[in-house]
Amino acid sequence: MAGQLLATQLQEDVTCPICMEILQDPVTIDCGHNFCLQCISHVAKTSENLQCPLCKCFVKKNTFRPNKLLASIAEKIQTMGPADIHLEGGESRCQKHKEKLHYFCEKDGAFLCVVCRDSKDHKAHHVTLIDEAAQNYKVQIESQARDLGQKDKEIIEEKKRGEGAIWAFRAQVDLEKLKILEEFKLLRRGLDEEESFLLSRLSWLEQQGAKQLGQYVSATEKQLSSLRKLTKSLKTRLQSSSMELLKDIKDDLSRGKEFQFLNPTPVPVDLEKKHSEAKARYESIKKTLTELRDNMHAEGKKDKSEFTNSLNRAEKESWSLLQKNSSMLLTSVPVTLDKASADPDLTFSQDAKKVTLYITAGKASSRQAKPRPFYPFHCVRGSPGLSSGRLVWEAEIQGPSSGACMVGVATASAPWSQSQNLSMKSCIWALRISPSGCQPFTNCKAQEHLPVCLKKVGVCVNHQSGEVVFYDATTSKHIYTFQTSFDEMVFPIFGLQVACSHITLSP
């Protein structure tokens, strides 16, 4: 054994550090290290200032000294067979016993030689061959990678639902602002202070909703990043050697098993509560105006005090900042129906808030030769158009229990007249609503069918961010969000398919 070890050490001494082969025509450079003449000469040719590949010292070119002693030893080593040298090509050996590592200790996570395996430190432990252990852990890695991949998908879906809930919340806050503006148009000049306060309150809630969206996305993305990093680490091990795969494998597997998605609350209860309180306040004012208008001023002062007292220090700072920026209190105007853009079969209420489809036999036959835009719907455009900011409205759907209607937005260049054709570029983002559910679509491309039966749908359009959000106005639940971009003005669009069906807008 000692002779074999000596032969191994000698072979290492006569191995060229560059080509890792037995030295051929060995030479010594200024710093004292030895290399094959051809190897060091090649290095010298490729660099202006020659550095020793081992110690990085600068050395002079063309001063290489032949080392005859090393050449003689190298020749003798080359005549020895593998059995004499007993150097098993780069395989790791036990540092303590200098034996080849064959085994893996499950308890300690250590590589063992035959002597270590039989020692008292490991004799009672579960020990397997390295390749067998690696194969066992490969199965565990593959299983856990699949589980983590499934968790990744689940988190993405949960994140999507959470973001939708926040968008629906913000849309409803916008709608409450819009309703308040409409009601306060009927009030006296003395109600201006109360109007400003309630709008500011809802604007602050919308601002908090936007802030919560950023926090929610950040929190979920951070966990997704951590999950994907861990998954990538596990998958990388599958491509590694057995020893690299097993190194610290238990730690990685343990982290994977312990990973849990901590889903943050999309809309905190406190915000929901504040929104409910604001909405309740609006309803209270409306009732108070009918019953006893004189009491409104006193109640308003009380509510303002309670609201401001419920804010913590940070919330009070954001509230004060909102008060200073009066432009943030502005909101969109109510949506009405544009009769000039309407299909001839549609009729309207006096206030342009309700549209009904009436079709007679004569009209039906005469229109077969003239395909209407957005077929099969009889459509009308909403007003105002939107070129910046946000627009929000709710549409109540009533009529026969068959057929479908359409609610959404369309660009100014959409084919509102029969002479225009639907271009390939997206010009409509809408929801097709039927008794069996609803289906988002853009141009002629339909998305997945959603099993949501709607009686009243809310729509919120953000021109700047290119978002069209739909939510159930009865349950306040998010339905679908289009992520797009607008390069021109967009308008609300409404379509009816079945005779005697109608859509009523609010507020």
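## The loop between β19 and β20

In this predicted model, Cys 500 lies in the loop that connects β19 (490-496) with β20 (502-506), and its phi is near 75 degrees, a positive value in a residue other than glycine. Because its relative accessibility is 45%, Cys 500 counts as partly exposed.

## Other backbone features in loops

Most residues other than glycine have a negative phi, and most peptide bonds are trans. Lys 56, in the loop between α2 and β3 (65-66), also has a positive phi, near 65 degrees. The peptide bond from Ser 383 to Pro 384 is cis, with omega near 10 degrees, and Pro 384 belongs to the loop between β10 (378-383) and β11 (390-398).

## The two sides of helix α2

Within helix α2 (residues 37-45), the residues Cys 39, Ile 40 and Ala 44 are buried. They lie on the same side of α2, because the arc they cover around the axis is only 135 degrees. Gln 38, His 42 and Lys 45, on the other side of α2, are exposed. The buried residues of α2 pack against β1 (26-28) and β2 (34-36).

## The packing of α6 with α10

Helix α6 (residues 130-184) packs with helix α10 (residues 269-291) at an angle of about 20 degrees, and their axes are 11 Å apart. Because of this angle, α6 is roughly parallel to α10, and α6 passes α10 in a left-handed crossing.

The residues that meet include Phe 169, Val 173 and Ile 180 in α6, and Leu 271, His 275 and Tyr 282 in α10. By class, the contact of α6 with α10 has five nonpolar, two polar and six charged residues.

Technical notes
Residues are numbered from 1 along each chain as its sequence is written. This is a predicted model: local features need pLDDT of at least 70, side-chain atom pairs count only at pLDDT 80 or more; totals for chains, interfaces and linings use all residues. Side-chain values use heavy atoms; hydrogens and water are left out. Buried means under 20% relative accessible area, exposed over 50%, partly exposed in between (1.4 Å probe, protein chains only). Helices (H or I, at least four residues) and strands (E, at least two) are DSSP runs, numbered from the N terminus. The arc is that of the directions from the helix axis to the C-beta atoms. Contact means heavy atoms within 4.5 Å. Axes are lines fitted to C-alpha atoms, for helices over the stretch in contact, and angles run from 0 to 180 degrees between N-to-C directions. Angles under 35 degrees count as roughly parallel, over 145 as roughly antiparallel, 65 to 115 as roughly perpendicular and the rest as oblique. A crossing is left-handed if the near helix is turned anticlockwise from the far one by less than a right angle, and right-handed if clockwise. Ala, Val, Leu, Ile, Met, Phe, Trp, Tyr, Cys and Pro count as nonpolar, Asp, Glu, Lys and Arg as charged, and the others, Gly among them, as polar.
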